[in-house]
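Me: Hi! I'm new to this one and would like a friendly walk through it. Could you show it to me to begin with?

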Amino acid sequence: MDWGGYFDGNATTPLCPEALEAWLETTGRYWHNPSSPYPAGAAARVRLEASRERLAGMLGCQPAEIIFNSGATEGNNHVFREFARMCPPGRFVACSALEHPSVSLPFRELLGQRGRCIPALPSGKVDLERLGEWVRSGKIHGLSLMAANNVTGVIQPWREVLDLCLRHGVVFHCDAAQWLGKMPLDGLGQCHYLTASAHKFGGPKGCGFVKVPESFGGRPLLLGGVQENGLRAGTEDFPGVAAMVAALEALACKGGDGRDGFEEILAGKLPGLEIVGKGSPRTPQSSLLLMPWHANTRWVAKLAKAGYQVSTGAACSTSKESQDGALQAMGFDRGQTGRALRISGGWWTSAEDWLGLAGAILEVWAALEAEGAPEGLVGLQ
């Protein structure tokens, strides 16, 4: 199937061939309950644990530290329930202002006055200097920082923050949903908590994992069974797990060619175009554009008719406030965020696809200019 016009990979990705093959095989041959005592159930259990070992090997952690779940949203909620339960009186949990709503909302809801928000810089990165001061103060119990931003693609200094937390006894959580399958996995297994979703890197929806500390003794997220070492009740989705692991093995660090050339073409032809985070390291398939004129919804509609699917921001946003959260944290106002287009490819995207999108954007620009400015147009700020 041709997915060349699909540029919303930060929202979800198509199932890669290796994941599909693994899913079909396990669904057809090993569909039994892994907790069942007879040989067929035992065979599913053996293969489930082999998948856990393969994933742990890629991350550099112990298999017992991996809990399979429905994805990063569930994992993030799990982590913040633990932070809320374990944070001692007089200490706090810190969270960056750039986080996905599945982190920022449970952070605010569960921590309340015990939470501290780390500001962001105009570059799209978290304020590392401020963060370091807080960690060294001895008042921070836990800290959450994503590996790469889901809207801008800007890579966060999670390795430096991890080292800082390890030196000062701070529990570190990293939401790696936008990192896996795009960037090297080295060092991720050292994070105390790590969360991810399979559908962000060529795996199936509804499957993911949370990596917990080896000494983790927290309360189960789901009650009703002894699955996942008693930490998450419910029959494991072995076909989904097998497909997730196969996708990560097959697609690590693929799908980045063409973005820079795409941006160069547009920057030379669209007056007033702003590429958010251009001066910072970004995941290679992400591009957030502040268009020079016209509201982003008009761009999305016109590009869809031309055969290209792009986004205005985070697909999981629960409100306009959360959708614009990362940009507002960087200092952009509502007028600017109303012109934002999030464009993100993936393992299926070729350099030719990026060139095709650039051409389509220039054609849409010409069409929008010919139509003129409608009432309520969001313009240059």
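This is a predicted model: local features need pLDDT of at least 70, side-chain atom pairs count only at pLDDT 80 or more; totals for chains, interfaces and linings use all residues.

Me: Great, let's begin with charges. How many salt bridges does a search of the whole structure find?
Reply: The search finds 16 salt bridges.

Me: Let's take some of them in turn. Which residue does Arg85 form a salt bridge with?
Reply: The partner of Arg85 is Glu82, and their closest N and O atoms are 3.0 Å apart. Both residues sit in helix α3 (residues 72-86), where 3 residues, about one turn of the helix, separate them.

Me: And is Glu82 buried or exposed?
Reply: Glu82 is buried, since its relative accessible area is 6% and buried means under 20%. Arg85 counts as partly exposed because its relative accessibility is 35%, and that class runs between 20% and 50%.

Me: OK, what about Arg282, what does it form a salt bridge with?
Reply: Arg282 forms one with Glu263, with 2.8 Å between the closest N and O atoms. This pair links distant parts of the chain, 19 residues apart: Arg282 is in the loop between β8 (274-275) and β9 (286-290), while Glu263 is in helix α8 (residues 259-269). Arg282 and Glu263 are both buried.

Me: Which side chain does Lys302 meet in a salt bridge?
Reply: Lys302 meets Glu371, at 2.3 Å from N to O.

Me: How do Lys302 and Glu371 count for accessibility?
Reply: Lys302 is partly exposed, with a relative accessible area of 26%. Glu371 also counts as partly exposed, at 44% relative accessibility.

Me: Which residues are linked in a network of salt bridges?
Reply: Arg45, Glu49, Arg52, Glu228 and Glu236 are linked that way.

Me: Nice. Switching to rings: how many aromatic pairs does the structure hold?
Reply: There are 11 aromatic pairs in the structure. One of them is Trp158 with Trp179, an edge-to-face pair with 5.5 Å from centre to centre and 85° between the planes.

Me: Where are Trp158 and Trp179 in the chain?
Reply: Trp158 is in helix α6 (residues 158-168), and Trp179 is in the loop between β5 (171-175) and β6 (193-197). The pair links distant parts of the chain, 21 residues apart. Trp158 counts as buried at 2% relative accessibility, and Trp179 counts as buried at 4%.

Me: What about Phe262 and Trp354, what kind of aromatic pair do they form?
Reply: Their pair is tilted, with the centres 5.1 Å apart and 55° between the planes. Phe262 in helix α8 and Trp354 in helix α13 are 92 residues apart, so this is a link between distant parts of the chain. Phe262 is buried, with a relative accessible area of 0%, and Trp354 is buried too, with 1%.

Me: Which residues do ring pairs link into a cluster?
Reply: The cluster is made of Trp3, Tyr6, Trp347 and Trp348.

Me: And which residue lies over the face of Phe92?
Reply: That is Arg116, at 3.7 Å from the ring centre.

Me: Last topic, the sheet. What order do the strands of the open sheet of 3 strands have?
Reply: The order is β8-β9-β10, with antiparallel pairing. β8 and β10 (340-344) are at the edges, each with a single partner strand, so one side of each has no neighbour in the sheet.

Me: How many bridges join β9 to β10?
Reply: There are 5 bridges between β9 and β10. In one place, Leu289 has Leu341 in β10 as its bridge partner. Helix α8 packs on the sheet and touches β8, β9 and β10, with its direction making about 15° with that of β9.

Me: And how many bridges join β8 to β9?
Reply: β8 and β9 are joined by 2 bridges. Glu274 has Leu290 in β9 as its bridge partner.

Me: Which way do the residues of β9 point?
Reply: Ser286, Leu288 and Leu290 point one way, Ser287 and Leu289 the other way, and all are buried. In a regular strand the side chains alternate between the two faces of the sheet. β9 is mostly covered, with 5 of its 5 residues buried.

Definitions and conventions
Residues are numbered from 1 along each chain as its sequence is written. Side-chain values use heavy atoms; hydrogens and water are left out. A salt bridge is a side-chain nitrogen of Lys or Arg within 4 Å of a carboxyl oxygen of Asp or Glu. Helices (H or I, at least four residues) and strands (E, at least two) are DSSP runs, numbered from the N terminus. Buried means under 20% relative accessible area, exposed over 50%, partly exposed in between (1.4 Å probe, protein chains only). Rings of Phe, Tyr and Trp (its six-membered ring) pair if their centres lie within 6.5 Å; planes under 30 degrees apart count as stacked, over 60 as edge-to-face and the rest as tilted. A charge sits over a ring if NZ of Lys or CZ of Arg is within 6 Å of the ring centre and within 35 degrees of the ring normal. Two strands pair if DSSP finds at least two bridges between them. Contact means heavy atoms within 4.5 Å. Axes are lines fitted to C-alpha atoms, for helices over the stretch in contact, and angles run from 0 to 180 degrees between N-to-C directions.
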